[in-house]
Amino acid sequence: MRIRNVILCVFVALVGCAGQVDKAPDANTIHAFYIKKLTVNLTESIEAIPGSKQFSSQDKLSKDFAYAIHKYLMEEGIYASKPGPHVGDLVITIDYLRRYKNGGRALSRPLISHKVIVYQGNQEVTQLVQKNYTPLYGYFKAVYVNIERAIHQWNEKDEHVDADNISESLVDDLEKKFDL
């Protein structure tokens, strides 16, 4: 009888310990976002002019994306300047294929893939992934952009507009995912 009680006590203790698991962060507790890491991987289509410095470098394009993402997080009131208890840490990777027209002197629509991993503390909360898409614009802006591209006038001065548009969509997706 005594051994049975000891076994029962050990069993209850083990079950109690197994039942205590660290709870994963709840996505509903995230109210703002901190940009922990942003990586932009720039590749160029075969129409690129070798050695040309006409278009933004990978560093400049990374700065354009960082600025635009920060801007849209601020506009929506969901930017955090540092990690915190109700803050999602963003690790963003953007694969940007620059495509050309007119023998490498004008731009076509870039082909984008991105992955956003949201962490809370050291635990991953979610991932947002989109592959192989091009920036979309509202109706009137789309008409203007399409005309500019058609007549080969969309160039180095306009590339930041694509980065801005992609960044706005990325922030919109975060807002929808976290119901902010």
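## Helix 4

In this predicted model, helix 4 comprises 19 residues, 159-177, and its span from the first C-alpha to the last is 28 Å, which is close to the 27 Å expected at 1.5 Å a residue. Just after the helix, Asp-179 adopts a positive phi of about 50°.

Four strands make up an open sheet with mixed pairing, arranged in the order 1-2-5-6. Strand 1 (32-44) and strand 6 lie at the edges, each pairing on one side only, and from one strand to the next the twist averages 10°.

Strand 5 (residues 111-120) and strand 6 (residues 123-133) run antiparallel and are joined by eight bridges. Gln-120 has Gln-123 of strand 6 as its bridge partner, while His-114 stands opposite Gln-130 in strand 6. Two residues lie between the strands of this hairpin, in which Gly-121 takes a positive phi near 70°.

## The largest pocket

The volume of the largest pocket is about 170 Å³. Its lining consists of 13 residues, of which Glu-44, Ile-49, Gly-51, Ser-52 and Lys-53 are the closest to the centre of the pocket. Sorted by class, the lining contains five nonpolar, five polar and three charged residues.

Methods. Residues numbered from 1 in each chain as written. Predicted model: local features only at pLDDT ≥ 70, side-chain atom pairs only at ≥ 80, totals over all residues. Heavy atoms only, no water. Pairing = 2+ DSSP bridges. 1 Å grid on protein atoms, 1.4 Å probe; cavity = no way out; pocket = protein on both sides within 12 Å on 5 of 7 lines; lining within 4 Å. Points joined across faces, edges and corners; volume = space filled by probe spheres on them. Nonpolar A, V, L, I, M, F, W, Y, C, P; charged D, E, K, R; others polar. Expected span 1.5 Å × (residues − 1). Axes fitted to C-alpha atoms, helices over the stretch in contact; angles between N-to-C directions.
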